[in-house]
Every structure is written in structure tokens, then in C-alpha cells.
Amino acid sequence: MSRPDGGPAFPYTNCEDHGLSGGYGMSLRDYFAGRALQGILAGRRNVPDKDFPMQDVVLASFEFADAMIAQREAP
């Protein structure tokens with residue numbers, strides 16, 4: 001089963017009208033993760049470090065993104 005990604009972050013319908021091809025760009029999940037990562041990094045002086053390795057920083061940003069998408073889909 002695939003993970004909900006929130007759909008396209010910046011959807012548009014007329015790709016060809018703008019000389020573009022190939023879909024809708026990044027997902028909302030990727031956009032949220034990028035914004036979460038930006039906040040995480042802004043709040044730290046030394047990233048990555050031995051207490052919070054880079055892989056953990058990236059995983060945390062996607063955990064925030066998944067929580068934001070889940071909240072959007074909640075009744």
C-alpha cells in the first residue's frame with residue numbers, strides 16, 4: 001500500500017500551454033518535509049552531529065510531513 005503524499009504541492013492543469021511536460025512536480029509530502037527540514041536545521045548549530053545524524057534529521061522531516069498530511073485528511 002502506498003503512503004499518502006497529499007497530491008501535488010503546486011498543481012496546474014495546462015502543462016503544454018506553458019511549454020512544460022511531465023506532470024505536476026513535487027508532492028505535498030515532499031514540500032512539507034522540505035519545510036520541516038528547514039525548520040529543524042534553523043534551530044540547530046551543528047547539523048549533523050553524533051547525537052542527531054543526518055539520516056535521523058531527514059527521517060524526522062518526513063515524520064513531520066506525514067503527520068501534517070494525516071491531520072489534513074482527518075475529519
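The legends below describe close-up views of a predicted model. Local features are described where pLDDT is at least 70, side-chain atom pairs count only at pLDDT 80 or more, and totals for chains, interfaces and linings use all residues. Residues are numbered from 1 along each chain as its sequence is written, and side-chain values use heavy atoms, with hydrogens and water left out.

View 1. Helix α2 covers residues 54-73, where helices are DSSP runs (H or I, at least four residues) numbered from the N terminus. Its 20 residues should span 28 Å, and the end C-alpha atoms, 29 Å apart, agree with this; the expected span is 1.5 Å times one less than the number of residues. Val57, Ala60, Ser61, Ala65 and Ile69 of α2 are buried, meaning under 20% relative accessible area with a 1.4 Å probe and protein chains only. The cover over these buried residues includes α1 (28-42).

**View 2. Serine 61 within α2.** Serine 61 lies in helix α2 and is buried, with a relative accessible area of 2%. Its side chain reaches the backbone oxygen of valine 58 at 2.6 Å. Apart from neighbours within four places in sequence, serine 61 is in contact (heavy atoms within 4.5 Å) with Ala33, Ala36, Leu37 and Ile40.

**View 3. The largest nonpolar core.** This core consists of 6 residues, Ala9, Leu28, Phe32, Ala33, Ala65 and Ile69; such a core is a set of buried Ala, Val, Leu, Ile, Met, Phe, Trp, Tyr and Cys residues joined through side-chain atoms within 4.5 Å. Two or more residues come from each of α1 and α2, and α1 gives the largest share, 3 residues. Alanine 65 touches Arg29, Phe32 and Ala33, when residues up to four places away in sequence are not counted.

Key
Buried means under 20% relative accessible area, exposed over 50%, partly exposed in between (1.4 Å probe, protein chains only). A polar contact is a pair of N or O atoms within 3.5 Å; within protein, one must be able to donate a hydrogen and the other to accept it, and residues adjacent in sequence count only if both atoms are side-chain atoms.
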